[in-house]
Protein chains: 2
Amino acid sequence: MISLITLSPEELAKKIDNTLLKPSASYGELESFCRNSIKFNFVCCVVPPWFVRRAKDILRKTGLKVATVIGFPLGYQSINTKLSEAKEAIFNGADEIDVVANISAFKSGKYDYVCEEISKLAELAHKNNVVIKVIIETSLLSQDEIIDFSKLLLNCNVDYVKTNTGFMERGVRPSDIILIKSVVGNKLKIKAAGGIRTWQDTLLYIMLGADRIGTSSGINIIKKYMEYLRRKQGINI
Amino acid sequence: MISLITLSPEELAKKIDNTLLKPSASYGELESFCRNSIKFNFVCCVVPPWFVRRAKDILRKTGLKVATVIGFPLGYQSINTKLSEAKEAIFNGADEIDVVANISAFKSGKYDYVCEEISKLAELAHKNNVVIKVIIETSLLSQDEIIDFSKLLLNCNVDYVKTNTGFMERGVRPSDIILIKSVVGNKLKIKAAGGIRTWQDTLLYIMLGADRIGTSSGINIIKKYMEYLRRKQGINI
C-alpha cells in the first residue's frame, strides 16, 4: 500500500527538475527562469542546448545543476548527431543530460542499435561525471513495450528512465511509473515528466516511485504546496 | 485575384514532399513509405535523419529525392550540433534539408545569430548541391514576426521558407503564405507544411504561392484528386 508522504517544501523542491523547453522562450525569459529557480532551490534547471553555457554562468555556485536535452523530442537523429550534441552540452557545462531514445529503432526491434546508442552516450556522460536520463516516451508505447524498454535500459548503464518529453499527445500516467518501477526496482532511478502541473500530482508520482519530477510549473507547485501546508496547519490548531 | 488552377495528378505530385516524420514509425514502415512514394512520383520523401541512408538506397535511380530534417522540430540546438547533423545527413545521401531556425534566438532579437546559423548551413548545403528549406514555425510567431523572419531569410542564402513543422499546436494557415509571399516575392520559394491533408488544401496553398507542399498524406491526396477528376469528367460528359 502507498503511504501518504509528508515532505517539506524544501524537500519537494529537491525532487524537481524545473524545466523551460518551449521553443519560443526568449533569452531574457530563460535568464529570469534560471534566476527565479535559484530562490526555490530545485535540483536543476532544464534548458535548451543553445542556452547551456549561459545557464551555467547564472547557476554556478548556487547548488543548482544545469540539465539539457539531447535528440529532443523525437529521438530519431543519428548516433553521431546525438553524441556530438551531448559532447558540446557537457563542454558548455551541462551536469545532466536528458536523452530521447530512438523510439523508431525500438519499434523496429533493433534493440542492439538502441542499446548501442544509449551505452555510448552513457559512457560519455559518466566519463565526465554527468548524469544521464533516458526518455522512452511512454505515450508512444504499449504496456508491454514500456516493460521491454525498461528491461533494455537495465543493460545500458544509464542513471534514470524518464517517462515523457511533454511534446507528444499525452504526458506521464500513474500506470507508466508502476510498470517501469516493476522492472527497474532500485537498479535505475525514475523521472516522471510530461503534464505534471500540481503539487498533488508531484506527490502522487513520488509516492509511486519517481525519484525526480520534471515540470515547467516548479515554482507554482512549490508556492501552492506552501499555501496548502499553511492552511492545513491553521486547521490543525 | 486568384485563378483556379488545374493541375494533372502527376503535376500535383511534383509539388509534394511526401513526409513520414512521426517518432514511432518503424524501419519497415519507413521502407514501405519510400516504396509506395515511388509509384506516385513525388518530389521527395522526407524521412528522419537516422533513416537517410536506407531511403537513399531505395530511392536511388527513381527520380525521387531524399530530404531530411535538421534541428527538428524545436530548433534550439547549438549551431555546431545543427551543422554536424546536416553534414552527416548530406554524407548519407540527403538531397534536401529542412532546417528549423532558432526561434528562441529570433524571439530574443538575436538576428545576427539566427542568420549566422542559417548562412553556415546554407553554405554547407549549396557546396554539396543540396537544397535548404528553413522552417520559421509560424504558429509561434505574430504576423509582424512572420514578416520580419521572412525578411531576415532574404539575407541568408536559403532556397525555401517553410512554414511549419507539424509538431506544434497548429499547422500552416492561408494568411501565413500571403504574409511570407508579400515579403519574399520570387526571391525565395515557399514550402507550406503542417496539417495539409486534402487535395483542396494542397491546391489552395499552391494558388496562394506555395512552390512545395509538405504532407504525410501525399498518397491519399493524389488518390482523392484522381477520383475527383474522374467524377468531374463523368459529369462533363
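1. Let's start with a definition: a residue is called buried when its relative accessible area is under 20%, exposed when that area is over 50%, and partly exposed in between, using a 1.4 Å probe and protein chains only. By this rule, Asn157(B) counts as exposed, at 53% relative accessibility.

2. A word on the model itself: it is predicted, with local features needing pLDDT of at least 70 and side-chain atom pairs counting only at pLDDT 80 or more, while totals for chains, interfaces and linings use all residues. Residues are numbered from 1 along each chain as its sequence is written, chains are lettered from A and ligands numbered from 1 in the order in which they are written, and side-chain values use heavy atoms, leaving out hydrogens and water.

3. Do have a look at the backbone of Asn157(B): its phi is near 65°, a positive value in a residue other than glycine. You will find Asn157(B) in the loop between α7 (143-153) and β6 (160-162) of chain B. Helices here are DSSP runs of H or I with at least four residues, strands are runs of E with at least two, and both are numbered from the N terminus.

4. Asn41(B) has a positive phi too, near 55°. The loop between α2 (27-40) and β2 (44-47) of chain B holds Asn41(B), which is partly exposed with a relative accessible area of 35%.

5. Now turn to the prolines. In chain A, Phe72(A) and Pro73(A) are joined by a cis peptide bond, with omega about 0°. Pro73(A) lies in the loop between β3 (65-70) and α4 (79-91) of chain A.

6. In chain B, a cis peptide bond links Phe72(B) to Pro73(B), with omega about -5°. Pro73(B) sits in the loop between β3 (65-70) and α4 (79-91) of chain B.
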